[in-house]
Amino acid sequence: MKSFKTGKEFKDEGWMLDAPGEAEPTLIRAIYDKKQIDVKDDSWGLYKFADWLPIGRMLEGSSAPVTYKSEGLAKELGLENLWITFSGYWPEKGTNMKTASFKETEAYSVCGRMTEDMKQTLVVASAGNTSRAFARVCSENNIPLLICVPEDNIGALWFDAPINDCVKLICSKSGSDYFDAIHLSNIVAGMEGFVAEGGAKNVARRDGMATTMLSATTTIGEIPDYYFQAIGSGTGAIAAWEANLRLIEDGRFGNKKMKLMVSQNTPFTPIHDAWKADSRAMLSLDDNLAREQVEAIVAKVLSNRKPPYPIAGGLFDAMKDAGGEVLLASNEQAAHAGELFLKTEGNDIHPASAIATATLIEAVKDGTVKKDDLIMLNITGGGEEKFKAENELFYLKPEIVFDINPNEEEVKQKVEKLFL
């Protein structure tokens with residue numbers, strides 16, 4: 001492991017989220033023995049990229065992102081070198097993520113990092129997709145899990161089979177947002193017998209997400225010029241940047257740093273606002289205004305109020321190093337982009353993916369990208385409608401719904417009883 005802030009290296013001793021002995025917050029990175037990645041065949045699922053995943057075991061049921069050269073959307077936009085990395089449900093293309101989201105790349109990597117002797121209950125907060133992915137993986141592999149989701153987002157917790165009793169759901173009540181769910185999870189993670197998944201600070205989460213970049217580069221044969229993705233926390237973009245640096249070190253894919261073209265859904269634009277102000281710190285945002293803005297956006301998964309943007313090695317540093325821009329798209333633009341993707345490529349995509357696609361459309365129109373640029377469009381979720389049409393669905397119901405500003409002792413007492 002290596003501290004981004006100081007460059008100090010230290011031994012990986014399991015579930016490490018921070019650099020030992022360092023006072024200032026920093027992300028840590030995994031250092032792998034293999035400098036050149038050996039990509040396995042598709043039967044390995046996500047673990048085809050195991051050389052660059054910090055795992056101790058491989059779980060059943062994973063699927064890797066798939067990258068293919070676009071024809072339909074590329075022709076529509078006049079692009080000669082558009083590659084789509086698709087994470088979701090699209091068996092015809094070779095990806096079979098049954099939660100229809102790239103959050104499965106995180107879940108199979110993080111849970112693969114958990115050793116058999118870790119007896120704590122894993123705690124995960126999310127706006128929906130992440131919890132759905134972790135719930136599925138933990139349910140199938142009998143890993144105790146507590147997920148915290150805003151009550152308004154529990155419609156995202158759908159599955160094609162009933163969820164194992166080792167998985168429990170608690171919520172922050174209607175009107176709350178992702179930040180409130182994180183607050184709830186932090187209370188629980190401080191209890192004995194529970195362990196925080198860690199979000200962006202968990203190398204397994206970032207390196208799992210980095211498989212989208214590994215898929216693209218190893219399929220194309222070179223590092224892309226531009227990387228388009230919608231962001232809530234920006235962790236996926238940080239992961240892509242870190243993978244980019246490893247791929248340069250690999251030596252077979254060129255030495256360029258791809259520009260990070262990340263996007264947010266208006267009117268909720270905290271990362272955009274900080275970036276445009278050239279501020280490492282997030283700008284102040286009134287809690288109630290933030291909740292109103294989150295209410296207004298179609299891509300609810302892009303609603304992180306406290307993203308890993310300022311932290312050393314976070315999104316601010318990634319974008320300063322790689323270059324790029326924070327772009328914006330409206331609900332209306334996302335709807336148009338989603339329809340266009342379905343028409344030209346043949347599968348439905350999530351609102352967040354539609355936000356990314358909408359900003360690519362605008363970048364072509366305004367000349368930001370040229371027709372022969374090598375572009376990676378990271379479709380972080382898709383095929384949900386297709387999957388739902390083909391399967392009976394089961395929904396996870398909350399065990400407890402807490403107030404937006406809950407009493408800590410009450411939370412601890414009630415949650416403790418869930419796992420007796």
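Visitor: Which residues in H2 meet which residues in H3?

Guide: On the H2 side they are Lys103, Glu104, Glu106, Ala107, Tyr108, Val110 and Cys111. Their partners in H3 are Asn129, Thr130, Ala133, Phe134, Arg136, Val137, Cys138 and Glu140. Contact here means heavy atoms within 4.5 Å. By class, the contact of H2 with H3 has eight nonpolar, two polar and five charged residues. Nonpolar covers Ala, Val, Leu, Ile, Met, Phe, Trp, Tyr, Cys and Pro, charged covers Asp, Glu, Lys and Arg, and the others, Gly among them, are polar.

Visitor: What should I know about the model before we go on?

Guide: This is a predicted model, in which local features need pLDDT of at least 70 and side-chain atom pairs count only at pLDDT 80 or more, while totals for chains, interfaces and linings use all residues. Residues are numbered from 1 along each chain as its sequence is written, and side-chain values use heavy atoms, with hydrogens and water left out.

Visitor: What makes H2 oblique to H3?

Guide: Helix H2 (residues 103–113) and helix H3 (residues 129–141) pack at an angle of about 45°, with their axes 8 Å apart. That angle makes H2 oblique to H3, because under 35 degrees is roughly parallel, over 145 roughly antiparallel, 65 to 115 roughly perpendicular, and the rest oblique. Helices are DSSP runs (H or I, at least four residues), as strands are (E, at least two), numbered from the N terminus. Axes are lines fitted to C-alpha atoms, for helices over the stretch in contact, with angles from 0 to 180 degrees between N-to-C directions.

Visitor: How do you know that H11 and H12 are roughly perpendicular?

Guide: Helix H11 (residues 331–345) and helix H12 (residues 351–365) have axes that cross at roughly 90° and come within 8 Å. H11 and H12 are therefore roughly perpendicular to each other. This contact divides into eight nonpolar, four polar and one charged residue.

Visitor: Why are H6 and H7 called oblique?

Guide: The axes of helix H6 (residues 211–220) and helix H7 (residues 235–250) cross at roughly 40° and come within 8 Å, so these two helices are oblique to each other. Met213, Leu214 and Thr217 of H6 touch Ala240, Ala243, Asn244 and Leu247 of H7.

Visitor: What area do domain 1 and domain 2 bury between them?

Guide: An automatic or database domain assignment sets the bounds: domain 1 is 42–101 + 202–382, and domain 2 is 121–192 + 392–417. The two bury about 1700 Å², 52% of it on carbon and sulfur atoms. That is the accessible area (1.4 Å probe) that two parts lose on being put together, summed over both. In domain 1, Lys98, Thr99 and Arg291 lose the most area to domain 2, together 31% of what that side buries.

Visitor: What makes the phi of Asn142 and the peptide bond from Thr266 to Pro267 worth a look?

Guide: Most residues other than glycine have a negative phi, and most peptide bonds are trans. Asn142, in the loop between H3 and strand S8 (145–150), has a positive phi near 55°. The bond from Thr266 to Pro267 is cis, with omega near 10°, and Pro267 lies in the loop between strand S13 (259–265) and helix H8 (270–276).
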